[in-house]
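Here's a quick briefing to read with the model open beside you. Start with the picture, then work through the notes by topic.

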Amino acid sequence: MVMISQRNPLSSSTSKMSKLTTSSSELDLDRPNIEDYLPTDSIPQPHAKLRLRDLLDISPTLTEAAGAIVDDSFTRCFKSNPPEPWNWNIYLFPLWCLGVVVRYGILFPGRVLILTIGWIIFLSCYIPVHVLLKGHDKLRKRLERALVELICSFFVASWTGVVKYHGPRPCARPKQVFVANHTSMIDFIVLEQMTAFAVIMQKHPGWVGLLQSTILESVGCIWFNRSEAKDREIVARKLREHVEGYDNNPLLIFPEGTCVNNHYTVMFKKGAFELGATVCPIAIKYNKIFVDAFWNSRKQSFTTHLLQLMTSWAVVCDVWYLEPQNMKPGETAIAFAERVRGIISARAGLKMVPWDGYLKYSRPSPKHRESKQKSFAESVLLRLEEK
Amino acid sequence: MGNTSSILTQYDIEEVQEHCNNTFSQQEIVSLYQRFCQLDRNSGGFISADEFLSVPEFAVNPLAQRLFRMIDGLNFKEFVAFLSAFSSRATLQHKVEYIFKVYDSDGNGKVAFSDLLDVLRDLTGQFISEQQREPVLTQVLEEAGYKKDSILVLSDFMKILGSNGLKMEVEVPVD
């Protein structure tokens with residue numbers, strides 16, 4: 001009796017692909033030499049006379065295209081890899097059913113209760129502090145910070161989060177920025193429970209957006225809208241102001257720009273690396289033993305994702321606070337970003353792929369196709385000269 | 001097999017295998033099916049333009065548009081047949097026929113100078129000017145014994161491409 005794990009029906013209700021536009025020049029600047037990673041055997045051998053066969057033989061280009069259709073590294077980054085089903089024979093299945101009963105019937109209500117208590121405590125402390133201590137900014141900020149850390153701990157408890165923190169805890173100093181790899185919005189909660197970071201996030205709709213505009217505002221968060229190109233300069237300016245400010249909470253940025261499935265890292269956006277601040281990398285790796293913590297935003301809403309976490313046994317993860325890095329003399333922001341990405345990927349055991357995460361929402365720029373065309377054209381002309 | 005139920009039965013697999021002349025093993029067909037479902041995000045039973053072009057590696061390929069015209073709206077069986085030319089078990093004849101089909105966009109079995117020029121344009125883009133492209137192609141054609149206004153058919157392609165064998169293989173990842 002073999003149980004095959006059922007695939008979730010693919011719904012695109014939360015898809016953000018409402019407009020696939022050709023990417024603006026910003027994406028070009030963010031991307032280092034992608035041609036180095038793409039296969040280049042579509043260039044015919046140099047220094048041999050050009051024959052009809054060479055022009056007619058498009059098999060290398062076709063092979064690349066078919067290879068991309070069959071398997072490509074970009075889609076692999078966003079593929080959910082749920083844990084292997086283990087309920088596949090006659091005595092494991094009843095055990096698994098018992099587990100389902102315990103998870104949904106006992107653990108889940110317990111967790112909802114804990115979370116409710118947490119919210120009640122939080123709101124009953126936060127609202128008075130926020131309203132009454134309007135004049136005493138320093139004290140208010142300190143209390144609000146502690147309260148945000150508290151509610152995040154309640155959240156983590158509500159999924160029975162087993163989080164192991166390695167390395168020195170972050171401290172609040174000016175001219176420093178924290179960057180981490182991104183798997184789900186819970187990354188933020190996991191990190192926030194230890195230190196009250198100010199984070200830069202995409203503005204979400206629904207109850208998440210409400211939380212963003214009220215509570216997270218008090219820790220100093222910055223919002224942006226992915227689809228607005230003009231937003232970039234405003235956001236860059238806000239980032240710089242925050243980093244240079246003295247009393248602000250340490251800033252946390254997820255330079256991948258989108259959630260990736262915790263097996264790969266996509267290219268880091270250079271915005272965090274050109275602020276002239278020290279970059280402190282944080283690596284987060286989730287253990288898939290009980291549940292896959294990757295939030296596949298195309299497949300499920302955040303609420304569904306949270307519910308899935310709350311009805312599983314535990315969320316296990318490791319957080320490593322790594323050595324702060326400074327830009328080396330002569331290093332560009334992009335090279336710096338790639339270096340830090342290498343450090344984080346090495347620590348968390350992730351593979352690096354040369355794609356921009358925003359390709360989830362837009363098409364690659366024509367620059368790449370043009371560079372392939374250019375190399376082919378040059379070799380044709382070169383070989384034409386040969387005798 | 002028009003709908004995209006997530007589970008393939010043994011009958012389905014055998015039907016697809018027969019349709020592609022046994023160029024793929026049963027395991028490869030299962031992998032291809034998983035891939036098809038992964039690309040077909042809205043479960044329409046076929047992969048649309050947007051879904052293909054959302055694979056960046058495919059979208060940056062110079063021949064993407066041309067291939068896309070051939071692959072648009074295919075259901076899974078036809079999708080596998082389309083990819084069968086890239087299997088290691090495909091014959092040389094099959095591969096050459098495939099290349100011929102890419103050139104022969106109107107499907108009339110004849111490839112004219114304009115078809116050759118179109119593909120060359122796709123491959124070289126703006127890096128060879130229109131005025132340069134024609135003489136290059138004409139020169140190379142004449143050296144091979146054809147004239148500018150010759151119409152090439154499949155047997156010509158076999159003769160030109162078939163002599164040294166063709167390296168056109170894609171490995172289907174099997175879990």
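Predicted model: local features only at pLDDT ≥ 70, side-chain atom pairs only at ≥ 80, totals over all residues.

A polar contact here is a pair of N or O atoms within 3.5 Å; within protein, one atom must be able to donate a hydrogen and the other to accept it, and residues adjacent in sequence count only if both atoms are side-chain atoms. By that rule, 11 residue pairs are in polar contact across the interface of chain B and chain A, both residues at pLDDT 80 or more.

Residues are numbered from 1 along each chain as its sequence is written, chains are lettered from A and ligands numbered from 1 in the order in which they are written, and side-chain values use heavy atoms, with hydrogens and water left out.

**Where the chains meet**

- On the chain B side, 68 residues are in contact (heavy atoms within 4.5 Å) with 48 residues of chain A.
- Together the two chains bury about 5,200 Å², and 71% of that is on carbon and sulfur atoms; buried area is the accessible area (1.4 Å probe) that two parts lose on being put together, summed over both.
- Arg41(B), Glu57(B) and Val60(B) supply 13% of the area that chain B buries against chain A, more than any other three residues.
- The count of salt bridges between the chains is 2, a salt bridge being a side-chain nitrogen of Lys or Arg within 4 Å of a carboxyl oxygen of Asp or Glu.
- Asp72(A) forms a salt bridge with Arg35(B), and their closest N and O atoms are 2.7 Å apart.

**Nonpolar cores**

- A nonpolar core is a set of buried Ala, Val, Leu, Ile, Met, Phe, Trp, Tyr and Cys residues joined through side-chain atoms within 4.5 Å; buried means under 20% relative accessible area, exposed over 50%, and partly exposed in between (1.4 Å probe, protein chains only).
- The largest core has 72 residues, and Leu62(A), Phe58(B), Leu83(B) and Phe157(B) have the most contacts inside it.
- Leaving out residues up to four places away in sequence, Phe58(B) touches residues including Ala65(A), Ala68(A) and Ile69(A) in chain A, plus Phe52(B) and Leu67(B) in chain B.
- A second, separate core has 59 residues, among them Leu191(A), Val199(A), Phe302(A) and Met310(A).

**Chain A overall**

- Chain A comes to 12 helices and 9 strands; these are DSSP runs numbered from the N terminus, helices being H or I with at least four residues and strands E with at least two.
- Of its 387 residues, 50% are buried.
- Among chain A contacts with a separation of 6 or more, 79% are between residues 24 or more positions apart.

**Residues to click on**

- Asn296(A) sits in the loop between β7 (278-287) and α10 (302-310) of chain A; Asn296(A) counts as buried because its relative accessibility is 8%.
- Beyond four places in sequence, Asn296(A) touches Phe78(A) and Ser80(A).
- Gln34(B) is in helix α2 (residues 26-39) of chain B, and its relative accessible area of 36% makes Gln34(B) partly exposed.
- Most residues other than glycine have a negative phi.
- Lys175(A), which is not a glycine, has a positive phi near 60°; Lys175(A) lies in the loop between β1 (161-166) and β2 (176-180) of chain A.
- Ser43(B) also has a positive phi, about 55°, and is found in the loop between α2 and α3 (49-53) of chain B.
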